[in-house]
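These are my notebook entries on one structure. I record what I looked up, entry by entry.

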Amino acid sequence: MASVLVVEDDQFVRSALIRHLSEASHTVRSVGTALEALREVAHFRFDVVILDLGLPDLDGGEALKMLRSITDVPVIIATARDDESEIVRLLNDGADDYLTKPFSVEHLSARMAAVLRRSRAAGAEAPPPGVLRVGGLSIDPLRRTAELDGAGLDLTRREFDLLAFLAGRPGVVVARKELLAEVWQQSYGDDQTIDVHLSWLRRKLGETAARPRYLHTLRGVGVKLQPPPDTPGAAPLAEPSA
Ligand code: CA
């Protein structure tokens with residue numbers, strides 16, 4: 001399972017990609033312009049970006065260069081143009097792979113798997129992750145500091161671990177069992193432990209369970225952290241395909 005950003009202005013292609021990737025258990029966000037894509041990668045961590053070359057606002061090559069100036073995320077170019085010299089140029093400019101439209105789901109899956117394998121192998125030796133940003137939240141795992149709208153948060157060790165873990169996968173519902181395993185390093189335990197820490201964390205974020213902003217509890221399912229709609233990076237997901 002991977003976190004995927006689909007950058008595609010064609011509603012039909014975009015919906016099909018979202019559907020197929022979601023069916024393959026990937027987490028998908030999607031945007032239709034290069035500038036939205038830049039905003040997304042500045043606020044969220046993705047495992048791979050699928051970038052359409054023909055976008056309405058920026059030429060795909062320009063979009064790729066701008067993406068590369070802010071992130072090392074693997075990029076697979078999806079192009080309708082079958083122009084070898086352009087493809088070579090894009091690969092030199094930092095694309096990790098490319099697909100010529102129309103492509104099959106199987107082809108896309110295979111290319112994605114290969115790109116993810118390479119980046120995960122490289123990631124094993126990579127330095128620790130940088131600062132995580134979700135809306136107005138900024139969390140520095142190395143310094144173990146967190147800020148909300150520029151003001152420092154005074155968090156306990158566990159609250160920090162909980163916040164950092166959720167911020168690493170914004171918008172993804174994390175099951176309590178997974179939180180216990182990842183944050184508490186316990187294979188079993190009491191849901192109440194999590195609830196208590198969540199409620200302390202909520203208070204420090206200035207919100208309540210009844211009026212959540214960042215922390216959302218889905219009864220019987222889990223918890224997710226996501227940017228409130230009025231903050232940067234809170235672009236809505238594309239509407240599900242018809
Ligand atoms: Ca297009």
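Over the face of which ring does Arg29 lie? I found that Arg29 lies over the face of Phe44, at 4.2 Å from the ring centre. I count a charge as over a ring if NZ of Lys or CZ of Arg is within 6 Å of the ring centre and within 35 degrees of the ring normal. I noted a further case, in which Arg111 lies over the face of Tyr98 at 5.9 Å from the ring centre.

Basis of the entries. The model is predicted, so local features need pLDDT of at least 70 and side-chain atom pairs count only at pLDDT 80 or more, while totals for chains, interfaces and linings use all residues. Residues are numbered from 1 along each chain as its sequence is written, and side-chain values use heavy atoms, with hydrogens and water left out.

I looked up the donors (N, O and S atoms within 2.8 Å of the metal, or 3.2 Å for Na, K and Ca; water is not among the atoms, so sites may look incomplete). The calcium ion is coordinated by Asp9 (OD), Asp52 (OD) and Gly54 (O), at 2.2 to 2.4 Å. Asp9 lies in the loop between strand S1 (3-7) and helix H1 (11-23), and Asp52 lies in strand S3 (residues 48-52), 43 residues apart. Helices (H or I, at least four residues) and strands (E, at least two) are DSSP runs, numbered from the N terminus.

Accessibility. Buried means under 20% relative accessible area, exposed over 50%, and partly exposed in between (1.4 Å probe, protein chains only). I therefore list Asp52 as buried, at 4% relative accessibility, and Asp9 as partly exposed, at 34%.
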